[in-house]
Amino acid sequence: MEPGAFVVVNGRGARRARRGHPWVFADDVVEAEAIAGAIVDVRDRAGAVLARAVYSPHSRIALRRVAPAGTQTDAAFWRARAEAALARRRWIGLGPCRRLIHADADGFPGLNVDRYGEGLVYQATTVWADRQAPEIVSHLAHRLGCRWILARNDVEVRRREGLETGITEVEGSVPEEIVVDEGGQTRIVSPWLGHKTGLYLDQQDNHRAAPGWIGGRVLDLFCG
């Protein structure tokens, strides 16, 4: 957290923060003493600290909750949170093709990280995520023995945070195409050009379940 960084919110924002809601909107911010991407204390008008959150002054979602008030959000905190995300996946099978970090759902505002065999593809859509992603993703790559990392930061939503867009080969040699097993199905994935980070891995469980619901032959009316 930036020393002394804080954001004061109105009554509506304070109620959301007290309930543990992950977001507080820009309309509810009364005062801010922080730079974009900082982790701040979220305060009510009386000065009580309600939570810690990532501050995004250029976004409609001004505050994205990361921890309760008083939490030490240092490098060890984020490594432990990454380990917790991995642990949640292990009970359903970590596998060679899996979303490892799913943004706010795993407590990493604006950061998605997908694994494709020997590589990781990530996308950062907030200033905080853009700054912290290299260290977080490098930790995951080391833990899982991955050989390459690609940043798919080519989405328009980054411009709302004042970030540039583009695709960057962060580490290793990223292949044009890879063949992976996704829920028992063979997929050809293009890390550089595919949807989002290459494939809709946030829908992986639905991909496995769909054949049992549908049966027979299916016409895909949404194919490219």
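This is a predicted model: local features need pLDDT of at least 70, side-chain atom pairs count only at pLDDT 80 or more; totals for chains, interfaces and linings use all residues.
Select Ala151 together with the residues it touches: Tyr122, Gly166, Ile167, Thr168 and Val170, leaving aside residues up to four places away in sequence. Contact here means heavy atoms within 4.5 Å. Ala151 belongs to strand β10, residues 148–153. Helices (H or I, at least four residues) and strands (E, at least two) are DSSP runs, numbered from the N terminus. Ala151 is buried, because its relative accessible area is 2%. The term buried means under 20% relative accessible area, exposed means over 50%, and partly exposed lies in between, with a 1.4 Å probe and protein chains only.

Residues are numbered from 1 along each chain as its sequence is written, and side-chain values use heavy atoms, with hydrogens and water left out.

Next, select His102 in strand β7. His102 is partly exposed, with a relative accessible area of 30%. A C-alpha to C-alpha line from His102 to Ala151 covers 15 Å, and the two are 49 residues apart in sequence.

Move on to Ala103, in the loop between β7 (97–102) and β8 (111–116). What is the phi of Ala103? Ala103 has a positive phi of about 45°, although it is not a glycine. Most residues other than glycine have a negative phi. Ala103 counts as buried because its relative accessibility is 12%.

Now select Arg131 in helix α3, residues 127–144. With a relative accessible area of 44%, Arg131 is partly exposed. Show also Ile35, Ala36, Gly37 and Ala38, which Arg131 touches when residues up to four places away in sequence are not counted. Phe108 is 23 residues from Arg131 in sequence, and the two are 12 Å apart in space, C-alpha to C-alpha.

The structure holds one cavity of 30 Å³ or more. On a 1 Å grid over the protein atoms alone, a cavity is a set of points where a 1.4 Å probe fits but cannot get out, and lining residues have an atom within 4 Å of a point. To display the lining of the largest cavity, select Ala17, His21, Pro22, Trp23, Val24, Val42, Ala51, Ala53, Leu63, Arg64 and Arg65. About 60 Å³ of space lies inside the largest cavity, a volume being the space filled by probe spheres set on the grid points, which are joined across faces, edges and corners. Which strand supplies the largest share of this lining? That share, three residues, comes from β6. Strands β2 (23–25), β5 (49–55) and β6 (61–68) each supply at least two lining residues.

Finally, display the whole chain. The protein contains four helices and 13 strands. Along its principal axes the C-alpha trace spans about 60 × 40 × 35 Å. Buried residues account for 46% of the 224 residues. Among contacts between residues at least 6 apart in sequence, 49% join residues at least 24 apart.

Terms used: On a 1 Å grid over the protein atoms alone, a cavity is a set of points where a 1.4 Å probe fits but cannot get out, and a pocket is an open set with protein on both sides within 12 Å along at least five of seven lines; lining residues have an atom within 4 Å of a point.
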